[in-house]
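Hi,

Here is the structure we talked about. Could you open it next to this email while you read?

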Amino acid sequence: MSDLDIGDDDQPERPSKSELKRQMLALQKTGEALLALTATQLAEMPLSHAMREALELSKSLKHREAKRRQLQYIGKLMRTEEHEKIAAAVAELEDKNRYFRQRFHHIEQLRQQLMEDSGNAFESLLEQAPSIDRQHLRQLIRQAQKQQTAKRPGNASKKLFQYLRETLE
């Protein structure tokens with residue numbers, strides 16, 4: 001055996017160059033997700049001052065190549081950040097947004113069903129929310145149906161949606 005073979009077992013195996021690139025791209029993707037957040041959402045993130053400045057600068061850049069370089073810099077800064085916590089916080093925000101969109105679409109579909117066929121949809125809504133004001137709900141449905149059949153602009157459909165959203169919370 002040679003001297004080179006003896007020390008190989010003690011050394012931990014380093015990740016490959018391709019694996020390092022994948023890790024860096026994942027950090028850049030997290031940086032891109034941070035760029036998509038609003039200012040209030042960014043304020044809640046556990047970010048360093050340098051990262052916040054880099055994100056603000058990236059939002060103000062107009063040139064495509066400059067944005068690309070800044071995104072690479074953000075990826076480099078992500079190495080020093082607590083990227084697991086940041087990725088978890090971003091994922092939590094995305095889950096909240098997904099829940100909000102699903103809830104919005106559910107209420108929108110319910111409104112359409114009430115306007116098209118008030119019998120079955122109305123009864124199932126009463127089972128879901130027994131404390132709902134039936135008279136007011138029927139009035140809103142009738143107003144929305146009248147505006148829809150007359151094809152005139154109005155906000156009765158919006159009022160119905162708002163009422164459903166408020167009562168189903």
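Predicted model: local features only at pLDDT ≥ 70, side-chain atom pairs only at ≥ 80, totals over all residues.

Below are some notes on helix packing and salt bridges.

Residues are numbered from 1 along each chain as its sequence is written, and side-chain values use heavy atoms, with hydrogens and water left out.

Let's start with the helices (DSSP runs of H or I, at least four residues, numbered from the N terminus). H2 (residues 17-35) packs on H6 (residues 83-116) at about 45 degrees, and their axes are 10 Å apart. Axes here are lines fitted to C-alpha atoms over the stretch in contact, and angles run from 0 to 180 degrees between N-to-C directions. H2 and H6 are therefore oblique to each other (under 35 degrees is roughly parallel, over 145 roughly antiparallel, 65 to 115 roughly perpendicular, and the rest oblique). From H2, Leu-27, Thr-30, Ala-33 and Leu-34 meet His-83, Ile-86, Ala-87 and Val-90 of H6 (contact means heavy atoms within 4.5 Å). By class, that makes 6 nonpolar, 2 polar and no charged residues (Ala, Val, Leu, Ile, Met, Phe, Trp, Tyr, Cys and Pro are nonpolar; Asp, Glu, Lys and Arg are charged; the others, Gly among them, are polar).

H6 also packs against H8 (residues 134-150), with an angle of about 80 degrees and axes 9 Å apart. That makes H6 roughly perpendicular to H8. Gln-112, Leu-114 and Met-115 of H6 touch Ile-141, Ala-144, Gln-145 and Gln-148 of H8.

Now the charges: the whole structure has 6 salt bridges (a side-chain nitrogen of Lys or Arg within 4 Å of a carboxyl oxygen of Asp or Glu). In H2, Glu-19 and Arg-22 sit 3 residues apart, about one turn of the helix, and they form a salt bridge with the closest N and O atoms 3.1 Å apart. Glu-19 is partly exposed, at 30% relative accessibility (buried is under 20% relative accessible area, exposed over 50%, partly exposed in between, with a 1.4 Å probe and protein chains only).

Lys-96 pairs with Glu-92 at 3.8 Å, N to O, and Arg-98 with Asp-95 at 2.7 Å. Glu-92 is partly exposed at 47%, as are Arg-98 at 39% and Asp-95 at 43%. Finally, Glu-65, Arg-68 and Arg-69 are joined in a salt-bridge network.

Cheers

Note on methods. Helix = DSSP H or I, 4+ residues; strand = E, 2+ residues; numbered from the N terminus.
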